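Reader: Hi! Could you walk me through this one?
Author: Happy to, here it is.

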Amino acid sequence: VVTPYRGLTNMQLNHQKEIFDPAIASAGGRRLRIAHTVSFAFDMSWEELLWLVEGHEVHVCDEELRRDAEALVAYCDRRRVDVVNVTPTYAQLLIEEGLLDHDATTGRHRPALVLLGGEAVPDTVWTRLLRTEGTYGYNLYGPTEYTINTLGGSTADSATSTVGRPIRNTRAHVLDGMLRPVPPGSPGELYIAGTGLARGYHDRPGLTAERFVADPFGAPGERMYRTGDLVRQRPDGLLDFLGRTDD
């Protein structure tokens, strides 16, 4: 996938306002400690590196540590890590190992922010984050074809799991098979367009033409990406992930 640099810049500017600033404010304005728990082979790893660009302290966890849930929870407690970024499946394992436990008597620490991404967030993980005082969760949705992050939603915004709203300079369309907008509350396929859109697949013009189609809602010549994901828009404007159109 060939992506432009501007997509990463756009993502950073969005995260400054939507993620970084609220997390910093919740910590009293101090520099934060972030655990880098994602392989550098995974595009999601850029999310932690953007914290480093902003001047925060990023702890790069080696492969052995990041694969050991018990050891990683102990590390986050010992190093007083403020932010972790993991898949929902791994978040569940970390929670079971005590990631969100807190003991004022012993000084046991828990993160202020748990970033989630890479797969659907189960209600059990979302609800636990929602009910944990002093900690909140933020779900980031996005395919590689849109420079990592496309949508985002917080437990502060929704009582149930959601993929949220489009990030800055991003448009999300929920369409039927004829590329017509479906009514709010009805399921439809998610199409995305905007600054982070990739140019296409390297040396694969046929696949590029199939997945990157003309955007009838944008300016002449603009394209949108057909995600293959089934979503539904709620009355509050948030989007819920329902599954794949080919399931």
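Author: Let's begin with helix H4, where Ala-69, Leu-72, Val-73, Tyr-75 and Cys-76 are buried. Buried means under 20% relative accessible area, exposed means over 50%, and partly exposed is in between, using a 1.4 Å probe and protein chains only. Because these residues cover an arc of only 160° around the axis, they sit on the same side of H4. That arc is taken from the directions from the helix axis to the C-beta atoms.

Reader: Before we go on, what sort of model is this, and which pLDDT limits apply?
Author: This is a predicted model, with pLDDT of at least 70 needed for local features and 80 or more for side-chain atom pairs, while totals for chains, interfaces and linings use all residues. Residues are numbered from 1 along each chain as its sequence is written, and side-chain values use heavy atoms, leaving out hydrogens and water.

Reader: Thanks! And how are helices and strands assigned?
Author: They are DSSP runs numbered from the N terminus: helices are H or I with at least four residues, and strands are E with at least two.

Reader: Back to H4, then. Which exposed residues are on the face turned away from its buried side?
Author: Glu-70 and Arg-78 are the exposed residues there.

Reader: What do the buried residues of H4 pack against?
Author: They pack against strand E2 (57–60), helix H3 (63–66), strand E3 (83–86) and H5. Contact here means heavy atoms within 4.5 Å.

Reader: At what angle do H4 and H5 pack?
Author: H4 (residues 69–78) and H5 (residues 88–96) pack at about 70°, and their axes are 9 Å apart. H4 is therefore roughly perpendicular to H5. Angles under 35 degrees count as roughly parallel, over 145 as roughly antiparallel, 65 to 115 as roughly perpendicular, and the rest as oblique. The axes are lines fitted to C-alpha atoms, for helices over the stretch in contact, with angles from 0 to 180 degrees between N-to-C directions.

Reader: Which residues make the contact?
Author: H4 brings Ala-69, Leu-72 and Val-73, while H5 brings Tyr-90, Leu-93 and Leu-94. By class, the contact of H4 with H5 has 6 nonpolar, no polar and no charged residues. Ala, Val, Leu, Ile, Met, Phe, Trp, Tyr, Cys and Pro count as nonpolar, Asp, Glu, Lys and Arg as charged, and the others, Gly among them, as polar.

Reader: Let me zoom in on Val-73. Is Val-73 buried or exposed?
Author: Val-73 counts as buried because its relative accessibility is 5%. Leaving out residues up to four places away in sequence, Val-73 touches Leu-94, Glu-97, Gly-98, Leu-99 and Arg-108. From Val-73 to Ile-95 there are 22 residues in sequence and 8.6 Å in space, C-alpha to C-alpha.

Reader: What about Asp-203, what is its phi?
Author: Asp-203 has a positive phi of about 60° although it is not a glycine. Asp-203 lies in the loop between strand E9 (187–194) and helix H7 (205–211), and at 65% relative accessibility it counts as exposed.

Reader: Now H6, please. Which residues are buried there?
Author: In H6 (residues 123–131), Val-125, Trp-126 and Leu-129 are buried. They lie on the same side of H6 because they cover an arc of only 95° around the axis. The other side of H6 has Asp-123, Thr-124 and Arg-131 exposed. As for partners, the buried residues of H6 pack against H5, strand E4 (113–117), strand E5 (136–141) and strand E6 (151–154).

Reader: And Ser-161, which residues is it in contact with?
Author: Setting aside neighbours within four places in sequence, Ser-161 is in contact with Val-121, Asp-123, Trp-126, Arg-234 and Asp-240. Ser-161 is in the loop between E6 and strand E7 (165–166), and it counts as buried at 17% relative accessibility.
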